[in-house]
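Please look over the sequence and the 3D view before reading on.

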Amino acid sequence: MIQLFNVYKTFGSKNPALIDVSLKINKGEFVFITGPSGAGKTTLLKIIFCAEKPTSGHALVNGRNLNRIKDRELSLLRRRIGVVFQDFKLLPGRNVFENVALSLEIMGVPLSMIRKKAHQTLRYLGLAKKEDYYPPQLSGGEQQRVAIARAIINNPLILLADEPTGNLDPDLTMEIMALLREIHSKGTTVIVATHSQELLKDTTRRIVALNKGRIV
Amino acid sequence: MKITFFRYFVRQALANIFKNRLGHLIGVGTMAIAFLIFNTFILVFVNLNHWTKEWGRSMSMSVYFKGEPDRVSLENIKKELLHFHGVTTKRFISKDDAMESLRRRLGEKAGLLDGLKENPLPACLEIILSRDKSGDSLPYQLKTRLEKIDIVDEVQYSQEWISRFQAIMKAIKLIGMVFGGLLFLAALFIITNTIKLTIYARKDEIEILKLVGATNRFVKIPFLIEGAIQGFLGGLIALIVLFLIYIIVISRVDLRVGFASLDIIFLSPQFILFLLIISGIIGFIGSTISLGRFFRI
Ligand SMILES: Nc1ncnc2c1ncn2[C@@H]1O[C@H](COP(=O)(O)OP(=O)(O)OP(=O)(O)O)[C@@H](O)[C@H]1O
Ligand SMILES: [Mg+2]
């Protein structure tokens, strides 16, 4: 499903954010990517959904070489990858419903269908009462759940979650993790980036540890 | 294009305009100014064109006689002229009339003429040729024909005048095109930059749309619709302002050049429609250009 071959990523003249990263993640896996702040976790995820191109090396996602992918193919690929961004990336000018509906709107799904799915997903994440709120009116945890709702609404092949529990209290953290497991159990490949050791304490999942851009 | 997409695009464009009312107002205002300059030029050009056409519509020809023609031969000539299409006789000036008008023109110095034993001025018949109906060779044909009549001394018309007129028309058209083209580019430049500001203000939104898998086209089209709407509104305002200026100021000005009083016309309804469509298209092109730079990455 996802393969990285000797990926390097450098931003300007600074120390590289990723150094010689090779990685294979199979379909249906649940993987944690961990490491201290600045280790390169977010950069690694960005390579996978092609927000950044490797400085050198290759990335293959769902059979596509991201170095050579065309604009249109990339758009189609991204529709199959749900991303929960570390900084959420919600549209402040659209309300919760509209933000979540976005993933379906861009695919041309009929409005009635979008409504149904959006209500369902928001209810699932405990946001049913907040549909008309705008992101700035929400707490950090609520915004995080909206970001998750947007990422999972179209049943993606791959779910990338960057610190999905970073703003949540322990109870909500457990809930979100349970949710991710449930999505995983339906066949989605899930990759969670986190620096929280708490989250990894007694997991049996595969853990990829990064430090200063290298897999350790 | 799927109908759901189309609805989305229009809804999105209108929502964006509504949410960013102030920005759009400024944008439309800027465009209106650019279009006003452009449309003012068009109005001037249309009027120049109109006047030159009016002037060019007719040319006059003078038939000079050897002596004072008697009434019968004069009537015969007039009758003969009726056979030519587009020819009308304007007036007959007898030798005495000619002298009278010369005296009037000389005013105080008219006394100079008293010494003359005999009136040297020829009698003359003035003819108007309508250029719409007559061919280019008619003036020459008419001249040779009339000069064969023995009481006719000479027929004069200005050959240069015709060619000069045609040259003026050509020059006006050329200048109009060059100048109009430059103004068009200037308007496009201003509008492109105006739109770039709106787009720049929403670059985060564009990025997010791209990240969740929207195609370039999906992201761009609402901006293009917005641009077209902005352009159309800007063009509409510019035309309304120009029309008000026309009504309040220009139509009261009495332009006189020689005998001819020049009326200033406004743009025809078809032309107004054309300009409105052009405004919309400029807005659309402006958006396309601004977006093009944005989507390089
Ligand atoms: N767009 C960028 N421009 C310049 N440098 C960048 C950019 N993105 C990341 N970096 C640098 O790359 C390194 C890795 O950043 P990254 O965001 O991947 O870390 P992270 O592991 O996600 O950290 P955190 O746990 O704090 O989110 C950092 O040193 C960061 O400064
Ligand atoms: Mg990070």
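**Charges and cysteines**

B:Glu100 is partly exposed, because its relative accessibility is 41% (buried means under 20% relative accessible area, exposed over 50%, partly exposed in between; 1.4 Å probe, protein chains only). The model is predicted: local features need pLDDT of at least 70, side-chain atom pairs count only at pLDDT 80 or more, and totals for chains, interfaces and linings use all residues. Residues are numbered from 1 along each chain as its sequence is written, chains are lettered from A and ligands numbered from 1 in the order in which they are written, and side-chain values use heavy atoms, with hydrogens and water left out.

**Salt bridges**
- The whole structure holds 16 salt bridges over all chains (a side-chain nitrogen of Lys or Arg within 4 Å of a carboxyl oxygen of Asp or Glu).
- B:Arg91 and B:Glu126 form one at 3.2 Å, N to O; B:Arg91 is in strand β2 and B:Glu126 in strand β3 of chain B, 35 residues apart (strands are DSSP runs of E, at least two residues; helices are runs of H or I, at least four).
- B:Arg91 is partly exposed at 46% relative accessibility, whereas B:Glu126 is buried at 16%.
- B:Arg202 and B:Glu226 also pair at 3.2 Å, N to O, and both are buried.
- A network of salt bridges links A:Arg94, A:Glu105, B:Arg202, B:Glu205 and B:Glu226.

**Cysteines**
- There are zero disulfides over all chains (pairs of cysteine sulfur atoms within 2.5 Å).
- A:Cys50 is buried at 8% relative accessible area, and B:Cys124 is buried at 7% relative accessibility.
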